[in-house]
Amino acid sequence: MPHLVRPAALALAAALVLTGCGAEVTPQDEGGDAKARGGHYPVTIENCGRKQSFDKAPQRVVTNDVGITEIMFALGLEDHMAGYVMPDDRGDLTSVPWGDGYQKTKWLSKKTINKELVLDARADLVFAGWNYGFNEGEGFSPTELERVGIDSYLLSESCRNGRGKARGVMPPLEALYADLRNLGEIFDVEDRAEALTADFRKQVAEAQAKALKGADRPRVFLYDDGQDKPLTSGLYAGPHDIITKAGGDHVMKDLKDSWATVGWETVVERDPEVIVINDYGDTTADQKRKFLKSYPPLAGVSAVKNDHIVVLDYAELVESPRNPAAIASLAADLRKFAS
């Protein structure tokens, strides 16, 4: 399974993580509150439309899934974690500058996160998201955790937008930057968060400068899984920004949700010239590719006819610190197909 994070970007991000320090606050006038007098706390942030206040940094955070966990690792916050929950199908967990976080932090479970698990871990905050661990149908939600005295932080990609349970309230990369900014405030590591965000913005800008433009931009479809109907990315999931900023035209950009199911007839009608496979789960990327190339309704689709199929890891496509490098990688593949 290819891993597409570029070495130069990894080295720079590693340096940022290793050398970053906590934010310093210059003392203000004597009559102000605790923060104005030089202390960092209390802090108030806004997460998915809800304001939350913290009197101190959480010390026993439990995270769910790879992207969320790696946001904490990239900020150097392993010492504030009780552990993480993640299936063992999330691909390469070592070829990133923050990969040593997996050795420093306890893998609490490879199954579904639940209230009993986080209580056993003595968690003081759970960092998860809607459909990234939180699910009312399974009795695991911020409301349920609040009842037992545990705080929650929601992954911004997963914020519900008021249209039923549809998710997404901001562009995917802005969701990543918002989470870095908020967590920088919560854990008093604002300098680290700002340095990472600056580096990620630079990576994206450099990739965009080389990306295909105008009429050369190919139509791109993200294939997650599913045979009867495909699960794909809408406007608010990571692949939208990854595809768009890499020089592609995301064929599902009118789908105002993050991850959602569509019909194959819609895919055929929009005739993608490139298909990106999300590599994870029990169905391998090779199996997904074979299905796409053998499924009769897709026989006339340009991407299938020309074998313009790209594989990206799950960890690169969900909101995570791997998103900027994935943009650069996909941009290179799109240019190769166009040549």
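Is Asp 188 buried, partly exposed or exposed, and what is its relative accessible area? Asp 188 is partly exposed, with a relative accessible area of 23%, where buried means under 20%, exposed over 50% and partly exposed in between, with a 1.4 Å probe and protein chains only.

This is a predicted model, in which local features need pLDDT of at least 70 and side-chain atom pairs count only at pLDDT 80 or more, while totals for chains, interfaces and linings use all residues. Residues are numbered from 1 along each chain as its sequence is written, and side-chain values use heavy atoms, with hydrogens and water left out.

Stay with Asp 188, which sits in the loop between helix 6 (172–186) and helix 7 (190–210); helices (H or I, at least four residues) and strands (E, at least two) are DSSP runs, numbered from the N terminus. Asp 188 has a positive phi of about 60 degrees, although it is not a glycine.

Select Asp 307 next, in the loop between helix 11 (302–305) and strand 14 (309–313). Asp 307 also is not a glycine and has a positive phi, of about 55 degrees, and it is partly exposed at a relative accessible area of 36%.

Then go to Pro 42, in the loop between helix 1 (7–19) and strand 1 (43–47), where the peptide bond from Tyr 41 to Pro 42 is cis, with omega near 5 degrees. Most residues other than glycine have a negative phi, and most peptide bonds are trans.

Finally, select Leu 75, which, leaving aside neighbours within four places in sequence, is in contact (heavy atoms within 4.5 Å) with Leu 180, Leu 183, Arg 192, Ala 193 and Leu 196.
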